[in-house]
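Please open the structure in your viewer and keep the selection tool at hand. We will take a short walk together, one stop at a time.

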Amino acid sequence: MHLKNDLILRTIKGEKTERTPVWLMRQAGRILPEYRAVRNSLSGFKELVETPELAAEVTIQPVDILGVDAAIIFSDILVIPEAMGLPYEMIEKKGPRFPSTIKSAADLKKIKVAGADDISYTLEAIKITKRELHGRVPIIGFAGAPWTIFAYMVEGSGSKTFSKARAMLYTDPNMAHQLLQMITDSTINYLKAQIAAGADLVQIFDSWAGILSPVQYEQFSLKYISQICDAITEVPKTVFAKDAYFARKLLSQINCNTVGLDWCMDIKESRQLLGENKTVQGNLDPCVLYADESRIQEAVKTMLNEFGPQRHIANLGHGVYPDTDPGKVRLFVDTVKEYSTKIR
Ligand code: 1CP
């Protein structure tokens with residue numbers, strides 16, 4: 001279907017655009033009362049993820065209410081472990097938990113490489129979203145980076161240190177590589193199926209990139225992200241490696257189109273390290289949105305001036321925090337739209 005708003009896709013190609021495109025990581029869910037209304041009518045998060053009509057509804061809400069330039073499909077990175085045979089629970093107000101985890105080589109025999117059929121609910125949600133959006137904005141498909149998924153499968157939940165997951169890189173690196181390869185193959189199958197269902201671009205979230213040493217990052221994370229980027233040739237790819245400031249030079253060399261920056265990464269230095277062929281995304285501190293309106297506008301303008309008018313997709317430096325006022329998010333979006341038009 002013809003896209004009425006393809007600003008993001010044109011920006012990714014390096015074309016001159018009339019303004020800077022904008023969306024927010026974690027824009028679907030979390031902040032909107034309209035989302036909570038849908039969510040509270042159900043047994044929990046998983047039911048929403050697994051009910052395609054409702055997942056599509058909350059995917060489209062931010063497009064209608066916030067005016068963003070893309071819809072990101074409502075799902076979670078943890079659908080991949082579940083599809084591989086390691087189910088998760090989502091504990092209210094606490095986060096994900098895996099009743100069983102990967103501890104030994106024997107555990108690898110109990111899981112498999114996931115195929116697209118194992119996550120049909122999200123694919124169906126993308127198809128419905130595509131139909132209902134009528135080409136208003138592109139749809140972003142996504143997956144976790146293999147290292148970040150590995151971290152949850154071994155650790156069993158969120159963690160400050162992910163010490164079980166990191167320990168395995170020393171105690172049994174061969175097994176770690178086997179698991180990472182299985183996750184990578186599953187992720188390629190899944191992303192290709194998302195694209196076939198209608199995703200116009202895809203983002204890989206490496207939320208726990210920053211807890212590895214630079215050498216480990218190259219061996220245990222980037223290697224697999226790079227395989228995914230090489231395998232996905234159908235649509236543009238964005239890699240967001242949170243806290244991996246040490247990896248920016250390496251990221252310039254892999255086959256992705258866009259690199260996401262968090263707010264601790266210097267914008268000009270990142271541009272230099274990434275080179276002229278990458279589009280960059282980010283990177284306002286999500287905490288800016290707790291400030292008063294004039295400060296928010298000021299911070300957004302400073303950010304836009306630093307990135308410059310081309311090859312920039314405006315976003316936060318991580319997901320929007322759940323208690324952010326949707327009015328402030330709307331102000332962020334509107335300020336990007338207005339001010340970026342002026343600096344061309
Ligand atoms: O915009 C969107 O919200 C789209 C859907 C989306 C995305 C892109 C969700 C829904 N989760 C994610 C990605 C995701 N999930 C990441 C990568 C991005 C990031 O770093 O924020 C990670 C690490 C997760 C894992 C996860 N899922 C956590 C973090 C646990 C930890 O280690 O601290 C949590 C709390 C979830 C639950 C979750 N996922 C999504 C929502 C809306 C929720 C909250 C559940 C609810 O109350 O409804």
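The tour below goes from a pocket to the ligand. Keep in mind as you look around that this is a predicted model.

**Stop 1: the largest pocket.** Begin by selecting Arg26, Arg30, Asp76, Gly95 and Pro96, the lining residues that lie nearest the centre of the largest pocket. In total, 41 residues line this pocket, and its volume is about 1600 Å³.

Stop 2: Now highlight α2 (33-40), β2 (89-91) and β3 (95-97), each of which supplies at least two residues of the lining. Which element gives the largest share of the lining? That is α2, with 4 residues. Colour the lining by class and you will find 18 nonpolar, 11 polar and 12 charged residues.

Stop 3: Zoom in on the side chain of Arg26, where an N or O atom is 2.8 Å from an oxygen atom of the ligand. Then move to Arg39, whose side chain has an N or O atom 2.6 Å from a ligand oxygen. For Ser207, the distance from a side-chain N or O atom to an oxygen of the ligand is 2.6 Å.

How much of the ligand does the protein bury? Taken alone, the ligand exposes 880 Å², and the protein buries 83% of that.

Key:
Residues are numbered from 1 along each chain as its sequence is written. This is a predicted model: local features need pLDDT of at least 70, side-chain atom pairs count only at pLDDT 80 or more; totals for chains, interfaces and linings use all residues. Side-chain values use heavy atoms; hydrogens and water are left out. On a 1 Å grid over the protein atoms alone, a cavity is a set of points where a 1.4 Å probe fits but cannot get out, and a pocket is an open set with protein on both sides within 12 Å along at least five of seven lines; lining residues have an atom within 4 Å of a point. Grid points are joined across faces, edges and corners, and a volume is the space filled by probe spheres set on the points. Ala, Val, Leu, Ile, Met, Phe, Trp, Tyr, Cys and Pro count as nonpolar, Asp, Glu, Lys and Arg as charged, and the others, Gly among them, as polar. A polar contact is a pair of N or O atoms within 3.5 Å; within protein, one must be able to donate a hydrogen and the other to accept it, and residues adjacent in sequence count only if both atoms are side-chain atoms. Accessible areas come from the Shrake-Rupley method with a 1.4 Å probe; for residues, only the protein chains shown count as cover.
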